[in-house]
Amino acid sequence: MAIFMRRALISYRNVSIILRSTTSQARHFAYLVDGTSASLLRRTATSGATSYFPATNSLLRSCRGFAKGRKNLREDVDCNESTAELVNVGPSIKATAISQMEAAIDSLSRDLTKLRTGRASTGMLDHIVVESDGVSLPLSRMAAVSVLDSKTLSVTPYDPNTLKSLEKAIISSPLGLNPKVDGERLVVLIPPLTKEHMQAVCKVVAKSSEDVKQSVRRARQKALDTLKKYTPKKKDKDKSGSTFSADDAKRLEKEIDDLTKKFIKSAEDICKAKEKEITSG
């Protein structure tokens with residue numbers, strides 16, 4: 001019994017020693033873990049986490065590089081756009097204005113030829129529309145009109161079967177003409193104008209003159225508006241983004257004004273010549 005008690009006491013002592021040793025090792029391990037964590041946190045705060053998170057750092061560098069690339073791309077686009085603006089638009093603006101003014105003068109000439117005067121003119125029948133076989137066509141596309149003398153017109157149809165349709169169309173027009181059949185053609189006598197008719201036609205000419213002047217002035221205003229868009233403002237005159245200087249703009253504006261005066265005078269001369277033709281009938 002005494003031997004059994006002694007062995008139990010020895011075993012108890014061994015177990016106590018083992019437990020104390022394990023507790024000491026656990027405490028030491030906990031100290032090491034706490035120290036390592038604190039050191040890790042201090043190093044992370046100091047280095048900005050760049051050495052412990054390489055994937056995150058690489059992603060940040062990629063984002064920064066992408067942003068710089070987009071910035072460079074925008075700069076290239078802005079440079080290309082500014083280069084495109086360096087084209088000299090002066091000749092284009094002037095050419096467009098001339099084209100519009102010439103179109104106005106051409107329209108005036110066509111309208112005046114349609115007016116009846118005391119003299120025969122091939123254009124005075126151009127506006128007449130002829131109906132034949134259910135189709136409406138301008139007289140100039142259905143017949144050849146020629147001047148026999150200062151008071152007589154000849155109308156020869158391309159298709160002889162349309163002769164009656166041509167005659168009917170001329171009679172029903174507001175010109176007050178009475179054509180006569182001469183074989184396969186029509187002979188149209190131009191009667192002298194009455195005083196009242198002369199005055200009425202002269203009013204039409206005057207109105208046409210004002211209309212074409214307005215068209216020429218509108219072409220001028222469009223050109224100046226376009227010119228204004230490309231002319232640098234005072235605050236931008238020192239910038240190198242435009243080759244169209246203020247001096248060039250003034251020079252082009254003067255050229256457009258001179259063109260406007262030229263075409264307006266041309267319209268006035270055409271209308272005066274038409275009025276003279278009417279009154280001298």
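How many residues apart in helix H6 are Arg251 and Asp248? They are three residues apart, which means a separation of about one helical turn. Helices (H or I, at least four residues) and strands (E, at least two) are DSSP runs, numbered from the N terminus.

This is a predicted model, in which local features need pLDDT of at least 70 and side-chain atom pairs count only at pLDDT 80 or more, while totals for chains, interfaces and linings use all residues. Residues are numbered from 1 along each chain as its sequence is written, and side-chain values use heavy atoms, with hydrogens and water left out.

Confidence comes next. pLDDT is the predictor's confidence in each residue, on a scale from 0 to 100. The protein chain has a mean pLDDT of 75, and 64% of its residues reach 70 or more. Over residues 28-56 pLDDT stays under 50, and the model has five contacts there beyond four places in sequence; a contact means heavy atoms within 4.5 Å. Residues 79-86 also stay under 50, with six such contacts. Where pLDDT is low, the predicted coordinates should not be read in detail.

The structure holds eleven salt bridges, each defined as a side-chain nitrogen of Lys or Arg within 4 Å of a carboxyl oxygen of Asp or Glu. One of them joins Arg251 to Asp248, at 2.8 Å from N to O. For accessibility, buried means under 20% relative accessible area, exposed over 50%, and partly exposed in between (1.4 Å probe, protein chains only). Arg251 is partly exposed at 48%, and Asp248 is partly exposed at 27%.

The bridge between Lys213 and Glu268 has an N to O distance of 2.9 Å. This pair links distant parts of the chain, with Lys213 in helix H5 (residues 195-230) and Glu268 in helix H6 (residues 246-280), 55 residues apart. Lys213 is buried, at 10% relative accessible area, and Glu268 is partly exposed, at 28%. Glu210 joins Lys213 and Glu268 in a network of salt bridges.

Helix H6 also holds Thr260, which counts as buried at 6% relative accessibility. Leaving aside its neighbours within four places in sequence, Thr260 is in contact with Met101, Val216 and Arg220. Elsewhere, Lys262 lies over the face of Phe263, at 6.0 Å from the ring centre. A charge sits over a ring if NZ of Lys or CZ of Arg is within 6 Å of the ring centre and within 35 degrees of the ring normal.

The strands remain. Strand S1 (residues 129-132) and strand S2 (residues 135-138) run antiparallel and are joined by four bridges; two strands pair if DSSP finds at least two bridges between them. Val129 has Pro138 in S2 as its bridge partner. The hairpin of S1 and S2 has two residues between the strands, and Asp133 in this hairpin takes a positive phi near 55 degrees.
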